[in-house]
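My notes are below, in the order I looked things up.

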Amino acid sequence: MTITKPPQLSFSAASSPLCSLKGSLLTVAVLTFLSLFYLSLNSLRTPPPSPIVLESTIHVPQTKDEDYSDVYHSPDSFRLNYAEMERKFKIYIYPDGDPNTFFQTPRKVTGKYASEGYFFKNIRESHFRTLDPEEADLFFVPVSPHKMRGNGTSYEEMTVIVRDYVDGLIAKYPYWNRTLGADHFFVTCHDVGVRAFEGSPVMIKNTIRVVCSPSYNVGFIPHKDVALPQVLQPFALPAGGNDVENRTKFCICPGGSQVNSARITDSIHYGCVPVILSDYYDLPFSDILDWRKFAVVLRERDVYDLKQILKNITQSEFVSLHNNLVKVQKHFQWNTPPVKFDAFHMIMYELWLRHHVIKY
């Protein structure tokens, strides 16, 4: 193959210096023109369009007081789902039942069963309540075993009262039969609360049970039921935890008559790392919070080695536990009216997670 070379331009030796100067100036002029032309195009170019945000995309600005740290199993999921819950979640409260007996209102919002009373009060103070059952995500069955127990009602009478009340709701309203009660829930913190519902097996089997005694060995189902923190309010002293050097480091928290105990939330409130000794205990908010980041969780048989276990925790490990404990204090505090991220909102978040698995 023959390669043809481009014609060569040649200048005679007789070319004058003036021609060379003119050629150089012409080259500079051309280059300057091209540069200015390029800059002009850039200045006229429109900026790229902003990205389109779809309506389904959730954007939640994080405020300074929201610390989505590693005390949560999935901080980003918690932040986004919580914001969606705040916007969309609706609860319908059945209006039936005399408030002067065992329904609708709490007995009191103090003492070791205060969590039950606060929930009954908070749900009516919150924006989650709807008066339209057709827009409800879940249905609250407002029976208070605490009021029954405080009135001296026997176990046998409790089961009859609950059974008759639930049967009346099923007969009167169409909502139960849509899911056989899977989108219904009740709340009880008294240790006799679960027993009070034994007269209505469908309540035990089908509904979401929000209880203070979430023990695996008495029928508690973690993916269905919700562990209600047992909080002894009002607290005797303000929240602690800002003085690492001069406070009790660990607080031993064995179970009470059931697996649960108000000792745990007392320890959290006062800034003392709880040492939990209780088998079969589904700890409150355990699918949201990583308890091992702010508590020492042990089996009951570990009590024999407890001293050495605590001695093996280094100072840096303790400081990390303590600092994380302060971060979660707000989740174990009841308020009236309820405030963001408090115990009431955490329970609502647990219910929000569970309502997604219900199919009509």
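The entries go from the whole chain to single residues.

**Entry 1: ground rules.** I am working on a predicted model, where local features need pLDDT of at least 70, side-chain atom pairs count only at pLDDT 80 or more, and totals for chains, interfaces and linings use all residues. Residues are numbered from 1 along each chain as its sequence is written, and side-chain values use heavy atoms, with hydrogens and water left out.

**Entry 2: the whole chain.** I looked up the secondary structure and got twelve helices and nine strands. Helices (H or I, at least four residues) and strands (E, at least two) are DSSP runs, numbered from the N terminus. Of the 360 residues, 44% are buried. I use buried for under 20% relative accessible area, exposed for over 50%, and partly exposed for what lies in between (1.4 Å probe, protein chains only). Then I checked contacts, meaning heavy atoms within 4.5 Å. Among those between residues at least 6 apart in sequence, 69% join residues at least 24 apart.

**Entry 3: the cores.** A nonpolar core here is a set of buried Ala, Val, Leu, Ile, Met, Phe, Trp, Tyr and Cys residues joined through side-chain atoms within 4.5 Å. Which residues touch the most other members of the largest one? I found Phe119, Phe185, Trp291, Met348 and Leu351, in a core of 63 residues. Helix 12 (residues 343-355) gives the most to this core, with eight residues. Apart from it lies another core, of 22 residues, including Met158, Leu169, Trp176 and Ala196. I then listed the contacts of Phe185, leaving out residues up to four places away in sequence. Among its partners are Ile91, Phe119, Leu138, Phe139, Thr207 and Leu351. In soluble globular proteins, nonpolar side chains tend to be buried together.

**Entry 4: helix 5.** I compared its length with expectation, which is 1.5 Å times one less than the number of residues. The 18 residues of helix 5 (residues 155-172) should span 26 Å, and its end C-alpha atoms are 26 Å apart, which agrees. Which of its residues are buried? Met158, Thr159, Val162, Tyr165, Val166 and Leu169 are. They cover an arc of only 140° around the axis, so they sit on the same side of helix 5. That arc is taken from the directions from the helix axis to the C-beta atoms. An α-helix has 3.6 residues a turn, so residues three or four places apart point the same way. Glu156, Ala171 and Lys172 are exposed, on the face turned away from the buried side. The cover over the buried residues includes helix 4 (145-150), helix 7 (193-196) and helix 8 (201-205).

**Entry 5: the 7-8-9 sheet.** Three strands form an open sheet in the order 7-8-9, with parallel pairing. Strands 7 and 9 are the edges, each pairing on one side only. Neighbouring strands are turned by 15° against each other on average, direction ignored. Two strands pair if DSSP finds at least two bridges between them; strand 7 and strand 8 have five. Cys253 stands opposite Ile276 in strand 8. Helix 9 (residues 262-269) packs on the sheet, touching strand 7 and strand 8, and its direction makes about 165° with that of strand 7. Helix 11 packs on the sheet too, touching strand 7, strand 8 and strand 9, at about 95° to strand 8. Axes are lines fitted to C-alpha atoms, for helices over the stretch in contact, and angles run from 0 to 180 degrees between N-to-C directions.

**Entry 6: helix 11.** I repeated the length check. Its 14 residues should span 20 Å, and the end C-alpha atoms are 20 Å apart, which agrees. Its buried residues are Phe318, Leu321, His322, Asn324, Leu325 and Val328. Strand 7, helix 9, strand 8 and strand 9 are among what covers them.

Entry 7: Most residues other than glycine have a negative phi, and most peptide bonds are trans. I went looking for exceptions. The bond from Gln233 to Pro234 is cis, with omega near 5°. The bond from Thr336 to Pro337 is cis, with omega near 0°. Pro337 is in the loop between helix 11 (315-328) and helix 12. Leu180 has a positive phi, near 55°. Tyr280 has a positive phi, near 60°, and counts as partly exposed at 48% relative accessibility.
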